[in-house]
Amino acid sequence: MSGTPAVRTVLGDLDPAELGICDAHDHLFMRSRLLPGQELDDPVAAEAELRAFAALGGQAVVQWTPHGMGRRLPDLVALARATGVHLVAATGLHQAAHYEPERLRDLDLARLFVAELTEGTEHAGPTGPTGPTGPTGPTGRAGLIKVAGGYHGLDRHARWTMTAAAEAHHATGAPIAVHHELGTGALDVLDLLCGSLGVPPHRVILGHLNRFPDLRLQRQAAESGAYIALDGPSRVNHATDHHLFDTLAALIEAGHAEHLLLGGDTTTSAARGNPGMPYLLATLRPRLAREFGPDLPDLVLRANPARALAFA
C-alpha cells in the first residue's frame with residue numbers, strides 16, 4: 001500500500017470518498033459444514049440482490065465470508081463489474097466448527113491472510129486499472145480480515161486466528177472484522193487484539209453486538225475507539241431489530257455516532273423469507289432519519305464505512 005488511504009475492493013483499490021452508501025456486513029456467497037442445505041451459492045440470486053440494493057442508492061457491500069467458506073472471489077469480481085456495486089471481500093477464518101479439521105492443519109495463517117490481501121489466491125480475471133476514477137490495481141484481493149470469537153470468551157482457535165490477523169494487519173494495514181458469538185466476548189477481543197497484539201482500536205470492527213443487548217457493555221466497547229457493526233435485520237431468530245434503535249440511541253447519546261456501522265448479515269436466501277439487502281435502505285434508512293435527524297444515515301452508511309474500511 002502507498003501512503004494514501006484506500007478501500008481494497010475486489011476490482012482494486014478505491015478512494016474512500018468514492019465508496020458511497022455501504023452495507024458494512026453482508027454475505028452474497030457462503031458455505032459451511034454447520035449449515036447443510038443453507039448455502040448461498042447462486043450468482044443469479046446474488047446479482048438480483050445487488051441490483052435491488054443499487055436501485056435504492058446502495059453503492060458498496062462488504063462480504064464477511066472468510067477463507068474456506070465459499071467466497072467465490074471470481075463471481076464477486078464478475079458481479080462488481082456487472083452491477084457497478086463496490087464489493088469488499090474477506091480473508092481470515094471463522095470458528096473452527098465451520099471447517100473440516102484437516103483443512104486447518106499446517107496452515108501458516110498470517111502468510112495466508114497477507115497473500116489474500118495483497119495477491120489474491122483464486123483466479124479472478126485480468127488485472128489493471130478499471131478507469132480514471134474507479135478502483136485501480138489487481139482484482140480478486142480481500143479487503144479485510146474476518147475472525148471470530150466464541151460464546152462469552154476466546155478459545156484456542158480464536159486466539160490463533162486473531163494473532164495471525166494482527167500480524168497480517170501490521171504487515172498490510174488491513175482492518176479486522178470480528179464475529180462475536182451471539183454478541184458476546186467483545187471486551188475479551190479488545191483485550192487481545194488491541195492490548196496484547198497492538199492493533200489500534202480504530203482498525204477493529206466489532207460485529208453482532210446488538211445480539212447481546214447489554215447497553216453498558218456496548219458503550220464500553222465503543223469507548224475503546226473500535227467500530228461497532230450493528231447487523232442482522234435478516235436474522236429473524238436473533239434479538240436484532242427490536243433492540244436496534246435503543247442500541248443506536250444509547251451509543252449516539254454517549255458520543256459514538258462516528259463509530260457506528262450497519263449491515264444486513266444476510267445468511268439465508270431471499271427464498272426463505274428474509275428481507276435481504278434492500279431492507280437496510282428501504283426501511284432502516286428512513287427510520288434513522290426520522291429518529292436521529294437527516295444527517296445520521298449519511299454518517300452511518302457512507303462516512304463511517306469509508307473510514308473503517310480504509311487501509312492504514
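Strand 7 (residues 144–148) and strand 8 (residues 176–179) run parallel and are joined by four bridges. Strands here are DSSP runs of E of at least two residues, helices are runs of H or I of at least four residues, and both are numbered from the N terminus; two strands pair if DSSP finds at least two bridges between them. Within this pairing, Val-147 stands opposite Val-178 of strand 8. The model is predicted, so that local features need pLDDT of at least 70 and side-chain atom pairs count only at pLDDT 80 or more, whereas totals for chains, interfaces and linings use all residues. Residues are numbered from 1 along each chain as its sequence is written, and side-chain values use heavy atoms, with hydrogens and water left out.

One aromatic pair is found in a search of the whole structure. Phe-245 and Phe-292 are stacked, with 6.0 Å centre to centre and 5 degrees between the planes. Rings of Phe, Tyr and Trp (its six-membered ring) pair if their centres lie within 6.5 Å; planes under 30 degrees apart count as stacked, over 60 as edge-to-face and the rest as tilted. Because Phe-245 lies in helix 8 (residues 241–253) and Phe-292 in helix 9 (residues 278–292), the pair ties together parts that are 47 residues apart in sequence. Phe-245 is buried, at 11% relative accessible area, while Phe-292 is partly exposed, at 26% (buried, under 20%; exposed, over 50%; partly exposed, in between; 1.4 Å probe, protein chains only).

The charged end of Arg-287 sits over the ring of Phe-245, 3.9 Å from its centre. Arg-72 lies over the face of Phe-29, at 5.1 Å from the ring centre. The criterion is NZ of Lys or CZ of Arg within 6 Å of the ring centre and within 35 degrees of the ring normal.

Overall, the protein has 10 helices and 11 strands, and 56% of its 312 residues count as buried.
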